[in-house]
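Here's a quick tour for anyone meeting this protein for the first time. Have a look at the chain, then read on about its layout and its pockets.

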Amino acid sequence: MGSAEAIRTVVEPALASAGLEIWDVEAGRGLVRVLVDTPGGIDLDTLSQANRIISPLLDQHPELTPAGSYELEVSSPGVERTLRTLEHFRRYVGEQVTVKTTEPIDGGRRHRGRLASVGDDAVELQRSDQPEGSVLRIRHDQIERARTVLVWEPTPAPAARRRAAARHAAKASAAPAAPNAKDAGS
């Protein structure tokens, strides 16, 4: 079986010509998973198109796939995305991420916070539990796993939305009416 990188090398040019980007490739026992993305996001038609591109290419290169039968999974990277490459990290500077390290750093292996910066050798994380301005530096070779974190924003309850709409309507009706063109000439 070939590596995930070898699979990427074979399928990436064909996907790129169709306007699709490979986010990640995983290959293991009985499974080849290819995560694809586009600037506008992914829908089912796009995933079907990617599957129709990838499947014949893997059929032409059986040395890259698990021996015997395997499952090809073509999917979106999702809203909480695994970060593996420097480019992945650079796209999400300023966003919330979690990082698990191979060894304890500053007392722990799991860190969460805002991705403050990305360099060629390390990332800097502004942790939620630390004062603004203090960052945790994590070398790339210390990162076991990293992903983005979806931050849920609370939405106002229906009653609160109705009250806000009523206040807005009351302010609008209390404003003086503009003079009518007929009234202005009398």
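## The layout

Starting at the N terminus, the chain's elements go α-β-β-α-β-α-β-β-β-β-β-α-α. That makes 5 helices and 8 strands, taken as DSSP runs numbered from the N terminus (H or I, at least four residues, for helices; E, at least two, for strands).

This is a predicted model, where local features need pLDDT of at least 70, side-chain atom pairs count only at pLDDT 80 or more, and totals for chains, interfaces and linings use all residues. Residues are numbered from 1 along each chain as its sequence is written, and side-chain values use heavy atoms, with hydrogens and water left out.

Of the 186 residues, 30% are buried (under 20% relative accessible area, 1.4 Å probe, protein chains only).

## The largest pocket

A pocket here is an open set of points on a 1 Å grid over the protein atoms alone, where a 1.4 Å probe fits, with protein on both sides within 12 Å along at least five of seven lines; lining residues have an atom within 4 Å of a point.

The largest one holds about 180 Å³ of space. Its lining includes T82, K100, H111 and R147, and β4 (96–105), β5 (108–118) and β8 (143–148) each bring at least two residues to it.

Two or more residues come from each of α3 (86–91) and β8, with β8 giving the most, 4 residues.

Conventions. Points joined across faces, edges and corners; volume = space filled by probe spheres on them. Buried < 20%, exposed > 50% of the residue type's maximum accessible area, 1.4 Å probe, protein only.
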